[in-house]
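Let's walk through a protein model together, one question at a time. Keep the picture beside you as you read.

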Amino acid sequence: MTAASPRAVGSGRVLASDLCCGLENLPVPVINEVDDECLPPIQYTSENVAGPGEDLDPTEIALPGCECATSSCEHDTCTCLQRYRGAYDENLCLVDFKEKTNYSRPVFECNIMCQCSEACKNRLVQRGFTFKLQVFKTTKKGWGLRTLEPIRRGRFVCEYGGEIISLPEASRRIQSQNAGDMNYIIAVREHLSSGEVLQTYVDPTHIGNVGRFINHSCDPNLYMVPVRVNSLVPRLALFAACNIAAEEELSYDYSGRFNNLQKGGTTKQRSSGETSALKSCYCGAQSCTGFLPFDSSLYNLKDK
């Protein structure tokens, strides 16, 4: 991991030529065309790292591999694809993906224990992003991330990565924030057929990747899918929910759904503690609820 400190380049509008410090396939420049604010320094990481309180190590190899001797695995012979079913088609798009609905199929890629080649079609997220991206300053939402080239619906865009932390640590960090602090902690809950709920908490505030700059939208163009590679800890992969044009800002719904609108078109009745913690949403979507999604469990509050 390398610290990415902003620096003035040329006219002063370009703050960094590569946020990723060479750790990704492509450089991600940082540009500010709004004001004189510089990007706060972050420690860049291309993969999740273990944080306080979490027993599972995201770098630990915990999944078995296939014995395929071919360059790319096929369903009839690959134990990985037979066990979990293939998730990607020949165009590197997420299959069985329906717009405006949840993607519920578990995704397991071939891993470091597999004998197939690095070119295997079941190795997508682990190869990193392949689209030209740019961090930029928005007028109302702070920093954001946009694509510099068109992205086809269903294609992998980037990960949301950072420190993997426990629920108590996530709660402690959020409750120690000031009113004006940005919250980057995301809680992902996977509901298994057995009734068990797997919970993953990722905090890219100080150690993170390009995904931390993606803003919320109540009508987003990205969808998050947990993808497992070597570890039982999922990598939070963001796929295009629609065709995305060049220069378009990237967004996803922080609540984990495509549309955060509550039944009846209004936000639900909230406790005074929840209301004080709400932050305004400036996504501009017609379905905008006016507030960013709020996870009361991290504040030790009860849902009303």
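**A sheet to start with**

Q: In what order do the four strands of the open sheet lie?
A: This is a predicted model, in which local features need pLDDT of at least 70, side-chain atom pairs count only at pLDDT 80 or more, and totals for chains, interfaces and linings use all residues. Residues are numbered from 1 along each chain as its sequence is written, and side-chain values use heavy atoms, with hydrogens and water left out. Strands here are DSSP runs of E with at least two residues, helices are runs of H or I with at least four, and both are numbered from the N terminus; two strands pair if DSSP finds at least two bridges between them. The pairing in this open sheet is mixed, and the order is S2-S3-S7-S8.

Q: Which strands form the edges of that sheet?
A: An edge strand pairs on one side only. That describes strand S2 (14–16) and strand S8 (143–147).

Q: Which residue of S3 stands opposite Val14?
A: Strands of a sheet pair through backbone hydrogen bonds, either parallel or antiparallel. S2 and strand S3 (residues 30–31) run antiparallel, joined by two bridges. Opposite Val14 stands Ile31.

**Cysteines**

Q: How many disulfides does the count come to?
A: A disulfide is a pair of cysteine sulfur atoms within 2.5 Å. By this rule, the count is zero. Cys66, for instance, is in no disulfide, and its nearest cysteine sulfur, that of Cys114, is 3.7 Å away. So the count of disulfides under the 2.5 Å rule is zero.

Q: Is Cys66 buried or exposed?
A: Buried means under 20% relative accessible area, exposed over 50%, and partly exposed in between (1.4 Å probe, protein chains only). Cys66 has a relative accessible area of 1%, while Cys288, at 24%, counts as partly exposed. With its 1%, Cys66 is therefore buried.

**A serine in a loop**

Q: Which backbone nitrogen lies 2.9 Å from a polar atom of the side chain of Ser231?
A: Ser231 sits in the loop between strand S14 (222–228) and strand S15 (235–240), and at 5% relative accessibility it counts as buried. A polar atom of its side chain lies 3.4 Å from the backbone oxygen of Asp57. The backbone nitrogen at 2.9 Å is that of Val233.

**Positive phi**

Q: What is the phi of Leu92 near?
A: Most residues other than glycine have a negative phi. Leu92, in the loop between helix H1 (79–84) and strand S6 (107–108), has a positive value. Glu247, in the loop between S15 and strand S16 (251–252), also has a positive phi, near 75°. For Leu92, phi is near 65°.

**A buried leucine and the whole chain**

Q: How far apart are the C-alpha atoms of Leu236 and Val202?
A: Leu236 lies in strand S15 and is buried, with a relative accessible area of 0%. Contact means heavy atoms within 4.5 Å, and Val202 is one of the residues in contact with Leu236. The two are 34 residues apart along the chain, and their C-alpha atoms are separated by 9.0 Å.

Q: What percentage of the residues count as buried?
A: The protein chain has three helices and 16 strands. Of its 304 residues, the buried share is 47%.

Technical notes. Polar contact = N/O pair within 3.5 Å; in protein donor to acceptor, adjacent residues only side chain to side chain. Lists of a residue's contacts leave out its neighbours within four places in sequence.
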